[in-house]
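Hello,

Here is the structure I promised to pass on to you. Have a look at it first, and then read my notes below.

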Amino acid sequence: MLTKKLPPLQRFLSLVSRRASHAARQQYDVIVVGGGHAGTEAAAAAARVGAETLLVSQKIQTIGALSCNPSLGGVGKGQLVREVDALDGLCGRAGDWAGIHFSILNRSKGPAVWGPRAQLDRQRYRTFIQSELLSTPRLTVLEGSVEELLLSETNPEEPGTHRVTGIRLANEGTPISASSVILTTGTFLSGSLFVGQSESPGGRIGDAPSSAGLSHTLRERLGLRVGRLRTGTPPRILKDSVDLSLAHLHPPDSHPTPFSFLNTHTRCKPEEQLPCYLTHTTPGVERVVKESLHLNCHIQQDAKGPRYCPSIESRVVRFPGRQHQVWLEPEGLTSDLLYPQGLSMTMPPDIQLRLIREIPPLHRAEIHTPGYGVQYDFVCPTQLSPALQVKSTQGLFLAGQINGTTGYEEAAAQGLWAGVNAARSALSMPTVALSRTESYIGVLIDDLVSRGVTEPYRMFTSRAEYRTSLRPDNADLRLTLKGFEEVGCVSPLRYQEAVRVRDSLQEAQAALQTLSMSNPKWRKALPDMRMSETKSTLLTGMDVLQYKYVTFEMMSSAFPESLSRHMEFAQRLKIEAVYKPHCDLQKKEIERIQKEENMSLPQDIDYLTVPVSMSQEVREVLDRVRPSTLGAATRLEGMTPAAIVHLLNYVRNAAQRERRTQRHQKEEREREMCAKEAS
Amino acid sequence: MLPSIYRGIWGAAVHTLRTSRGTPPCRFLSTCEGVPFGLADAESIFALSSGHGRCGVAVVRASGPASATALRCMAGVSRSPPPPRTALLRSIRDPISKEVLDRGLVFWFPGPHSFTGEDSVEFHIHGGPAVITAVLQALGSVPGMRPAEAGEFTRRAFQAGKLDLTEVEGLGDLIHAETEAQRRQALRQMSGELGHLYQDWTHRLKRCLAHVEAFIDFSEDELIEDGVLNQVDRWVCDLQAEMERHLKDERRGERLRSGVQVVIAGATNAGKSSLLNTLCQRPAAIVSPIAGTTRDIVETALDIGGFPVLLSDTAGLRESPDLVEREGVRRARERVEQADLTLVVADCADLPSDAQQAAAFLQEHLRSVLPPQEQPETVFPADRLLLVLNKMDLLPEEQRLELDGELRRVSGFPPVCLISCHTKEGVHDFLTVLHSSVKTLCGDPLSGAPTLTQARHRAHLQQCFSAMAQYQRYRDLDLALAAEGVRLALTSLGRITGRVGAEEILDIIFKDFCIGK
């Protein structure tokens, strides 16, 4: 994968425009609007599933651009990258191609919460994504701005009050039709940019604002509820103007760990990696912020910003009198810019300069691009199904920041899943859902569609209640097999690799299980195991591998004939052994929940009048959220056990009635046929 | 705060139907934890199945794979299974101390031909509270056994296909009734000292978890130092020590607080205290013609037709400038909220002479006594409310009949009794009505089984305690597994005090730390 020659960007662009020339006249299965992390994963996934796909982006050059921080992964987010990769998505491999500083966060805290992370070279990342899209069969890229969604009569067979059948581009007027449309417009939905006291329309500096038509269609014609959120980005600083000797050097891991299950090493050689630098704010920074608050519109607005990625202004206001961390991160191998993580700000540019110069390594720093704030509309995600389809609108899918999330990884995960389902629905296959018991993607989507958001949603490991089972090391076993067998978004090549891994791991575990010996014998075989227990019971190899000081390497050299051929999986086996008892405990619970998640509720129940004994409060909650499964219904506020029982009973009876009616109709028809034949 | 127990039932509701899963109706969080897996894993359950109260024979039932173990180690049935569904006379022993607890009948119902479809055992033992408590405790010490959640036997029966869908509607009602009874019981327990203690523990555990989670999710790039974990170590240690003391204490203090909670409430001078004195046949409460005589709650334990009743007389409900009386009224209202059965007393002399107007007046009066969340739309809960019209001797015979007829005609009224505490007229009939109400309530498996509830609390606390040991065991080995221990501890305790979810933990994190990446 990493040795592949990427086509030069110029060729990409020419190919794209050639395709674009005939694109406008075609009919597609899936149209993806937006070329960010959600859009690119969505387009690639839809094409992998088998749909003729069109990706429309305002500017082809910015497809795959990292608009904010030059990094990927982290705690919780790294898990998402691994899962997207396990489903054959792009971002893991792109990270391995573009990474210039790899590290596993939380290395000392247990493999379930390890956070694979990398600093990226912006240029390389974009090139990789563009090249991947180019070489994806059934995928066409088109430059253009979407003016409006085409709506038509609904399909009476499916729930929903509207139906989307395509898009119309600005300035062209030619409609392009498709069975499914995925919107991944990020911060461009009624986006406004803020610097100091000035406000201008747009979703990202340097890009044209998206047309007001789309926003209007969503709100007015489709009647979707929207909310407003804000985010921001720090100024970019000229590297040469920074005195890095005054900051703490933060080296990368000496052995970079790739994100992708397909890669054994990263493109960047260990010694080529670049370091990051850590520095801190000073009381001077706090002073500048406080003095300039009145010049700062963004911070005075009441749109909700994230609590965990706050601007320097809100950090200083909320936690005064403290030193705050500032990371100085490289933007690329050859880039002359630094990205000051933690200094997101929206004050006027001259004050931004004053502020950063209060930080010792930056006391002579020059700003290349000032920081700015963005406020944008998001569609309240409780209006979506677990397939990320708008419940009231047939054929319309949403992914990324438009659903109220923040972060590349969150966007990529949703994009992939929306792409899969948009394609499946266009190809008349049933949509699929991921459970929160099997993946972080499932946790993310379930949180969004059943709880909604009040601030930009970011993934944390603490959101996943089955964290010890949903580890970064086993994402392939959890998702790749299913992704091939049930979802159809995984290539045979990757599937075969996952099958090989699964079989080898099973074989190795079986070999460990059969090694059953008494305590003294184990101590003799593994002199370094430092086992303090004196119980005389028999221990298997899996039991022993749980001990802190025991490694698979140790065991393999003690029992080479049965174990040495599994050395490739030494680390995974160790992790598996430590977590196995806990995961076995969780398994029953997980199975139970999966059963509940599989019980789907019809989308067309009129909860307000359904003839079941339920309180008005419960009816209103159900009517507002329209949970898609009984499992989701139980998580709603105000639900009572009795209401669940009544509801289930009603649904089952309805299903029985339905079946009975169908049977009667069939009998009726048969009788008629017989009568005709007889006559 | 909504009781733990809700979740059990909710779980019941849902399991019953093999499809959904439960959460307490009050506090909903994104997490989808239901039964903590420690519990879900311990598959066998036991409970006192016979009604509460004085009875000759009590039936304790156990269901699940550990039933066979219970049979073997408590009833000394040898290894080969005894004949199914046949009464065996056995000494019933404590599985650990081997002390004989009682001599009784034992039945073995191998699955699938049992109520729950699982292997089940029934112990028919003597009905004294001491024997019942001892047998329940003994069962609790059988490995794999835990006290049943409410409705769990029924739920398992449904899971095994022993109930069919037409019975589900009835089951929904049953679950509703059970949750109501449990809500009241939990309220009763939670308003006391014990409640404060459990709440305090929950609060502290939440903080522990939040700090561990902050350390996991944020420490790498943030200003969260290792000191955070040392603090959690200390907190967990303190909590463990307190919980251990409590668990030891509780065994000694485990007393039977059984009985149906009956509360007398109403306006001042309606004759509430007279009613109490009439019922307990002694001047337990001071009676005077002065409005507001009773200020605090007067409790007395009674035996109504063989059922244990805890009768409380409360201050008359009225606005008062007097601080002491105001507190009395507050307590009275609280007591009504926790009551299994409320006797609303009204003074016949206060009634309008027109029967229709009198009915409307009484309806209004009932509403003013009942707590707001139980305000019915149309029908007053007949099983939990009795309207007592005192001083009937002051009404002329004719008006009495008219009123009686009117109240029977108007639908949605609770049972009404006309009595006179002064002449004792109507008291006998009232006792009959009261007896049948209490009897109905005792049929409710929950209101009369505090032993079981306490055993359940104990099981949850025990689990919470050992989960904290998991934190300590893994603290230096694997922080994800250590955090799992704290999370499990919180879930176990949450089954008593109400659920805690991911969002709440995140809220604490953002309050306590400056997360700024």
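This is a predicted model: local features need pLDDT of at least 70, side-chain atom pairs count only at pLDDT 80 or more; totals for chains, interfaces and linings use all residues.

Helix α9 of chain B covers residues 272-280, and eight of its nine residues are buried, so the helix is largely enclosed by the rest of the structure. The buried residues are Lys272(B), Ser273(B), Leu275(B), Leu276(B), Asn277(B), Thr278(B), Leu279(B) and Cys280(B).

Staying with chain B, you will find an open sheet of six strands with mixed pairing, in the order β3-β4-β5-β2-β1-β6. Its edges are formed by β3 (88-93) and β6 (145-147), each of which has a single partner strand, so one side of each is left without a neighbour in the sheet. From one strand to the next, the twist averages 30°. Within this sheet, β2 (residues 57-63) and β5 (residues 120-126) of chain B run antiparallel and are joined by seven bridges.

Now to chain A, which is divided into four parts: domain 1 (25-98 + 137-230 + 375-486), domain 2 (236-372), domain 3 (492-596) and domain 4 (603-678). Between the C-alpha centres of domain 3 and domain 4 of chain A there are 48 Å.

Which residues have the most contacts inside the largest nonpolar core? They are Ile31(A), Leu149(A), Ile167(A), Leu183(A), Leu218(A), Leu396(A) and Trp417(A), in a core of 110 residues. Helix α11 (residues 408-426) of chain A supplies the largest share of this core, with eleven residues. Leaving aside neighbours within four places in sequence, Ile167(A) is in contact with residues including Ile31(A), Val33(A), Val56(A), Leu149(A) and Val181(A). There is also a second, separate core of 40 residues, and among its members are Cys208(B), Val232(B), Tyr474(B) and Leu479(B).

Finally, a word on confidence. Chain A has a mean pLDDT of 88, and 91% of its residues reach 70 or more. Residues 1-5 of chain A stay under 50, and the model has twelve contacts for them beyond four places in sequence. The pLDDT is also below 50 over residues 20-24 of chain A, a stretch with ten contacts in the model beyond near neighbours in sequence.

Enjoy exploring it!

Best wishes

Technical notes
Residues are numbered from 1 along each chain as its sequence is written. Chains are lettered from A and ligands numbered from 1 in the order in which they are written. Side-chain values use heavy atoms; hydrogens and water are left out. Two strands pair if DSSP finds at least two bridges between them. Helices (H or I, at least four residues) and strands (E, at least two) are DSSP runs, numbered from the N terminus. Axes are lines fitted to C-alpha atoms, for helices over the stretch in contact, and angles run from 0 to 180 degrees between N-to-C directions. Domain bounds come from an automatic or database domain assignment. A nonpolar core is a set of buried Ala, Val, Leu, Ile, Met, Phe, Trp, Tyr and Cys residues joined through side-chain atoms within 4.5 Å. Buried means under 20% relative accessible area, exposed over 50%, partly exposed in between (1.4 Å probe, protein chains only). Contact means heavy atoms within 4.5 Å. pLDDT is the predictor's confidence in each residue, from 0 to 100.
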